[in-house]
Amino acid sequence: MTNNEDIFKKVTAHCKEYGFVFQSSEIYDGLAATYDYGPFGSELKNNIKDYWWKSMVNLNDNIVGIDSAIFMHPSVWKASGHVDAFNDPLIDNKDSKKRYRADNLIEDYVQKINTKIEKDCLKAEKKYGNNFNRQEFLTTNKRIVERQQKIDKIEKKITLFLKENDLPSIKNLIEELDIKCPISGTCNWTDVRQFNLMFKTQVGANQDTSSDLFLRPETAQGIFVNYLNVQKTTRLKLPFGIAQIGKAFRNEIIARQFIFRMREFEQMEMQFFIKPGEEMIWYDYWKKSRMLWHKSLGMGEENYRFHDHENLAHYANAATDIEFNFPFGFKEIEGIHSRTNFDLKAHQEKSGKKINFFDAEEQESYVPYVIETSIGLDRLFLAVLCHSYKEEKLDNNETRVVLKIPAFLAPIKVAVLPLTKKDGLPEKAKEILGELKLLYNCKYEEKDSIGKRYRRQDAIGTPFCVTIDHQTLNDNSITLRNRDSMEQKRIQIEDLNLIISKKTSYINVVKAIEE
Ligand code: GAP
């Protein structure tokens, strides 16, 4: 097991042990690829949503929010192209009867070559020490250059085959690369077929008269069909945006990597409506703006990168992913898409309702173009946890597990801990708690030694612990312990709020983006 796989396993186990994420329906042995958020997980998730909503809706004068229904008229999905084109290529192994995404099999194959390249680099780094030049090694080492050429060739082919919907060539590529089923170890594959990712359900009690509906695979369509309602009621002029947070559902062929790819997940999406012809200006604007937002979370600038799409979704004329460096490699966390006027035009044609904007300056009407930003809430949650999870060796040789969650996102901001359960300390602690909980999400604990209680707060990522002892009763001072440095400071109760608010407020984070 590589170090990173090990960390990922530890993070998933930690999520369960400390009430962040549970397998759905666990008492019935769980439902695959579906998860529930526990007490601390739901707090963290809410804080992430809050930060996104504040920075997207509250801090932009020209962006408003909505909350549309999950059920939508079936024509929506016909018009949007999802009925015909929202497919993944699947393939079955005839021996194991296991089903795979054909493009994922090829991706995994490429990943294995990448891992070999990485191993060679590590070996060389060990050998040459400070004299090692990674870039030079990658471009001059014969074996690595050959491997990289192989990767490039495979990626070029799969991109082309996906673009042209050339399913027989995808199968040929799998056979040519001799890719085996990880379960049966054989290459006994079926043909590649397209599989629609939307879940179907029925509305109405009577089977004969009920109609088929789809669970939405993206929240965006709820925004498009409300474009006229929102524009008329808010009287916003172009450019303006509509944002929403909500559940989306996809019947993923293979759901994997914990909450990274699920069948029920949450998106935070914003559609920015613009004048036709301005799409590349706004596409670049939102690329830059969203990257700055991610970096504002403080999880290391080097852990983000763009990945421009060559194989575009059916609605896009340009698209990029913001990728985060997860323990299993750089993977998509947010998509930024130039959707042209594909969706509004399609809804206009299908519904027969005019979806126009009257541009008073130009004295003309047109169907607006759209730039979309679409981030997976669960993926961002996972990124925060993976990045925050640390195992630290202490002076006494013990190891502490601490979640160094950005303080403004932490589920609990302050733990209030009386040193002992007697001598009036719990009463004084509850008095302090009464004031603090009006402002912050707090936790009160009086059981176990103070050391054990500090460890528990470290494990759920609480940035501050306030300890009340006998001296507190005499001079109203407490000990404030900092999660990251473990430093303990004696301060007056009246100074607590200023210190905690400075560190846990999202305001400084937002200001840093603006500067
Ligand atoms: N409206 C555009 C759209 O849905 P997408 O790239 O398919 O675009 C946007 O999805 C984001 O939703 C992704 O960047 C990812 O973070 C998240 N996402 C997509 N499928 C997911 C899944 N099965 N599980 C968890 N998150 C997912």
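**A walk through the predicted model**

Start with E107. This residue sits in helix α5. E107 has a relative accessible area of 41%, so it is partly exposed.

Helix α5 leads on to another patch. Which helix gives the largest share? Helix α5, residues 102–128, contributes 4 residues, the largest share of the positive patch. Look at one of the lysines, K119. K119 is part of helix α5. Is K119 buried or exposed? Its relative accessible area is 54%, so K119 is exposed.

H82 belongs to helix α4, which covers residues 82–85. H82 has a relative accessible area of 2%, so it counts as buried. How far apart are the C-alpha atoms of H82 and L439? They are separated by 45 Å. Along the chain, H82 and L439 are 357 residues apart.

Helix α15 comes next. It runs over residues 450–460. Which of its residues are buried? They are R453, Y454, Q457, D458, A459 and I460. After helix α15 comes G461. The phi angle of G461 is positive, near 85°.

Step back to the whole chain. It has 515 residues, and 48% of them count as buried. How many helices and strands does it have? There are 18 helices and 23 strands. Helices α4, α5 and α15, visited above, are among the helices.

What about overall size? Taken along the principal axes, the C-alpha atoms fill a box of roughly 80 × 65 × 55 Å. A compact globule of 515 residues would have a radius of gyration near 24 Å. The chain has 26 Å, which agrees with that value.

Notes. Residues are numbered from 1 along each chain as its sequence is written. This is a predicted model: local features need pLDDT of at least 70, side-chain atom pairs count only at pLDDT 80 or more; totals for chains, interfaces and linings use all residues. Side-chain values use heavy atoms; hydrogens and water are left out. Helices (H or I, at least four residues) and strands (E, at least two) are DSSP runs, numbered from the N terminus. Buried means under 20% relative accessible area, exposed over 50%, partly exposed in between (1.4 Å probe, protein chains only). The radius of gyration is taken over C-alpha atoms; the globule rule is 2.2 Å times the number of residues to the power 0.38.
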